[in-house]
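Could you walk me through this protein chain, from its overall layout down to a few single residues?

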Amino acid sequence: MKSTISLYITALALFVMSCNDRNTADLAPEYLYDAGNEKVIKSIINNKKGTIAMLYGNDIALQTAQDSLLKLSPGAQYTLVTWKQKPMPQWYGTNINAEIYSVEHVNVAHRNVSGLAFDYDFKTGEGFKPGDARPGKDQQIEFITSQRAAVFP
């Protein structure tokens with residue numbers, strides 16, 4: 001008789017515990033980035049560094065990235081947002097973005113008749129540790145402005 005009552009209590013406890021209303025995803029708004037009027041050009045995943053990045057740009061930057069010649073135009077504005085990766089709790093083996101690691105801005109302007117000038121800004125996020133090395137300015141300008149646009153359906 002005691003074992004039957006224990007079995008009923010255990011079954012009732014399992015039933016109550018299974019009635020959880022948490023079927024919604026946990027959003028992490030602290031990890032979102034508001035790109036304003038800029039549009040997505042491309043996403044970049046670097047599993048070696050454990051980062052996920054999204055390249056945004058204004059209309060001129062997007063047009064340049066979609067052009068087959070990748071000829072830079074004055075007025076183009078790029079923003080590269082990089083997050084650290086963290087494991088996705090609901091899906092084994094998948095990573096999602098964690099805290100923002102860095103935000104980089106590149107603006108293309110006229111330097112003179114024959115050349116372009118680049119304004120580069122690097123801001124650290126919560127994921128950037130004091131011992132982490134900052135990327136080289138010229139190398140990052142070349143990397144950001146040479147990205148081709150992803151093809152969206």
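This is a predicted model: local features need pLDDT of at least 70, side-chain atom pairs count only at pLDDT 80 or more; totals for chains, interfaces and linings use all residues.

Residues are numbered from 1 along each chain as its sequence is written, and side-chain values use heavy atoms, with hydrogens and water left out.

Let's begin with the overall layout. The chain holds three helices and five strands; helices (H or I, at least four residues) and strands (E, at least two) are DSSP runs, numbered from the N terminus. Their order along the sequence is α-β-β-α-β-β-β-α. Of the 153 residues in the chain, 29% are buried. Buried means under 20% relative accessible area, exposed means over 50%, and partly exposed is in between (1.4 Å probe, protein chains only). A contact means heavy atoms within 4.5 Å. Among the contacts in the chain with a separation of 6 or more, 49% are between residues 24 or more positions apart.

Next, look at strand 4 (residues 95–110) and strand 5 (residues 116–124). These two run antiparallel and are joined by nine bridges; two strands pair if DSSP finds at least two bridges between them. They form a hairpin, with five residues between them.

Now for the largest pocket, which has about 480 Å³ of space. On a 1 Å grid over the protein atoms alone, a pocket is an open set of points where a 1.4 Å probe fits, with protein on both sides within 12 Å along at least five of seven lines; lining residues have an atom within 4 Å of a point. Grid points are joined across faces, edges and corners, and the volume is the space filled by probe spheres set on the points. The pocket is lined by 17 residues, and the closest to its centre are Asn46, Lys49, Thr51, Thr82 and Gln140. Strand 1 (39–46), strand 2 (51–57), strand 3, strand 4 and helix 3 (137–145) each give at least two residues to this lining.

Thr82 sits in strand 3 (residues 77–87) and counts as buried because its relative accessibility is 9%. Beyond residues up to four places away in sequence, Thr82 touches Thr51, Ile52, Ala53, Ile100, Tyr101, Ser102 and Glu104. Gln140 belongs to helix 3, and its relative accessibility of 13% is why Gln140 counts as buried too.

Finally, return to Thr124 in strand 5. Is Thr124 buried or partly exposed? Thr124 counts as partly exposed, because its relative accessibility is 41%. Apart from neighbours within four places in sequence, Thr124 is in contact with Tyr101, Ser102 and Arg134. Thr124 and Thr82 are 42 residues apart along the chain, and their C-alpha atoms are separated by 9.6 Å.
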